[in-house]
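Q: Can you walk me through this one? I'd like to start with the packing and then jump around.

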Amino acid sequence: MEKLYLVIPCYNEEDVLAETKDRLKIKMTNLIKNKVISAHSKVVFVNDGSIDNTWNLILDFHKKDKLFTGINLSRNRGHQNALLAGLMTVKDDADMVITLDCDLQDDIDVIDKFIEEYKIGNDIVYGVRKSRKKDTFFKRNSALMLYKLMRLLGIEIIYNHADYRLMSKRAIIELEKFREVNLFLRGIVPLIGYKYSIVYYDRQERFAGKSKYSLKKMLSFALDGITSFTIKPIRFIVLLGFVIFLISIMMLIYTLIRHFSGQTIIGWSSVMTSVWAIGGLQLFSIGIIGEYIGKIYLETKARPRYIIEEYLSDKKRNQNSN
């Protein structure tokens, strides 16, 4: 019987953690009882530097029930790094791993379908939302625009998929070979290339607490996704520069014609508009290039993406970092 590990990143989730634990206990117990997964399967909470009572709750869960275990990161490293920390820590013990959010808005009843798809030969199973009707108008349309933009820029990404997915042991081993510091797992996982399938589900309402993804974090996440996987924005700048150069040639011809016709005073507005427009484009272009240079700067440092302070395991383990 194969072992399933659930990896769940947590950041200040004390409001939802007890309910999440109870629901997952029922789900995992039923899967074990029906001999779908091994009795040695685990639920792994990854504490991403929470400043509330999250880690103490995880410690209590582990003490009372060995189904639950936890990984405590030394500081907040962000959702993607917390996911990676969980995956890399359990990869040697698990046969398959499912990552999901702590608020359980991702329907855990489809875990059965995930496992079915895995057992017929799929190394990766993506959980994809059927619709975004429960999202606000802004969030729904901004997400749609982001996915379309990424596809336009050549980034291979599963539409309406977040980080609810199953990965086999060998898929996680291959994921470990991707060493970039700027993590965007939704774009990295499809690059592994193993056989995959998609399971559709309805996203639930958050039963307590608030989402930790502010508009600022979502924009930063989107920017990381784009700049980590494509250089097309830089190529667009080159094309834009060429187009502006052609326009400048036409403006030169136009200026000469106006000069020799004795009408050099006319055109003040167009000159001022051109100065402001070109200046703005230059600053925007420098900003995009600077974003890529910043990414290179962070990659060359090769700092650890996370540091594990404590891992609650049945085996004695040393502190780990990656």
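This is a predicted model: local features need pLDDT of at least 70, side-chain atom pairs count only at pLDDT 80 or more; totals for chains, interfaces and linings use all residues.

Q: Fine. Strand 1: how many of its residues are buried?
A: Seven of its seven residues are buried, so strand 1 is mostly covered.

Q: Which residues point which way from strand 1?
A: Leu 4, Leu 6, Ile 8 and Cys 10 point one way. Tyr 5, Val 7 and Pro 9 point the other way. In a regular strand the side chains alternate between the two faces of the sheet.

Q: What does strand 1 pair with?
A: Strand 2, in the parallel sense, over six bridges. Strand 4 also runs parallel to strand 1, joined by four bridges.

Q: Give me a residue for each. Which is the bridge partner of Tyr 5 in strand 4?
A: Val 97 is the partner of Tyr 5 there. On the strand 2 side, Asn 47 stands opposite Cys 10.

Q: Stay on Cys 10. Buried or exposed?
A: Buried, with a relative accessible area of 1%.

Q: What does Cys 10 touch?
A: Leaving out residues up to four places away in sequence, Cys 10 touches Leu 17, Phe 45, Val 46, Asn 47, Asp 48, Ser 50, Thr 54 and Cys 102. As for Gly 49, its C-alpha is separated from that of Cys 10 by 8.4 Å, and the two are 39 residues apart along the chain.

Q: Phe 45 is on that list. Switching to rings, then: how many aromatic pairs are there?
A: The structure holds six aromatic pairs. One of them is Phe 45 with Phe 68, which is stacked. The rings are 6.1 Å centre to centre, with 15° between the planes.

Q: Where do Phe 45 and Phe 68 lie?
A: Phe 45 lies in strand 2 and Phe 68 in strand 3, so the pair ties together parts that are 23 residues apart in sequence. Phe 45 is buried at 0% relative accessible area, and Phe 68 counts as buried at 2%.

Q: What about Tyr 164 and Tyr 201?
A: They form an edge-to-face pair, 5.3 Å centre to centre, with 85° between the planes. Tyr 164 is in strand 6 and Tyr 201 in strand 7, so this pair ties together parts 37 residues apart in sequence. Tyr 164 and Tyr 201 are both buried.

Q: Which residues form a cluster with Phe 61?
A: Phe 45 and Phe 68 form one aromatic cluster with Phe 61.

Q: And what lies over the face of Tyr 194?
A: Arg 170 does, at 3.8 Å from the ring centre.

Q: Helices now. How far does helix 3 reach?
A: Helix 3 covers residues 79-90 and reaches 17 Å from its first C-alpha to its last. That is close to the 16 Å expected at 1.5 Å a residue.

Q: Why call helix 3 largely enclosed?
A: Because eleven of its twelve residues are buried. The buried ones include Gln 80, Asn 81, Leu 83, Met 88 and Val 90.

Q: Which residues of helix 4 are buried?
A: Ile 111, Phe 114, Ile 115, Glu 117 and Tyr 118. Down the axis of helix 4 they fall within an arc of 160°, so they line one face of the helix.

Q: What do those buried residues of helix 4 pack against?
A: Helix 1 and several strands, including strand 1, strand 4 and strand 5. Strand 6 and strand 7 are also among the partners.

Q: Last one: what follows helix 4?
A: Gly 121, whose phi is positive, near 115°.

Methods:
Residues are numbered from 1 along each chain as its sequence is written. Side-chain values use heavy atoms; hydrogens and water are left out. Buried means under 20% relative accessible area, exposed over 50%, partly exposed in between (1.4 Å probe, protein chains only). Helices (H or I, at least four residues) and strands (E, at least two) are DSSP runs, numbered from the N terminus. The arc is that of the directions from the helix axis to the C-beta atoms. Contact means heavy atoms within 4.5 Å. Rings of Phe, Tyr and Trp (its six-membered ring) pair if their centres lie within 6.5 Å; planes under 30 degrees apart count as stacked, over 60 as edge-to-face and the rest as tilted. A charge sits over a ring if NZ of Lys or CZ of Arg is within 6 Å of the ring centre and within 35 degrees of the ring normal. The expected span of a helix is 1.5 Å times one less than its number of residues. Two strands pair if DSSP finds at least two bridges between them.
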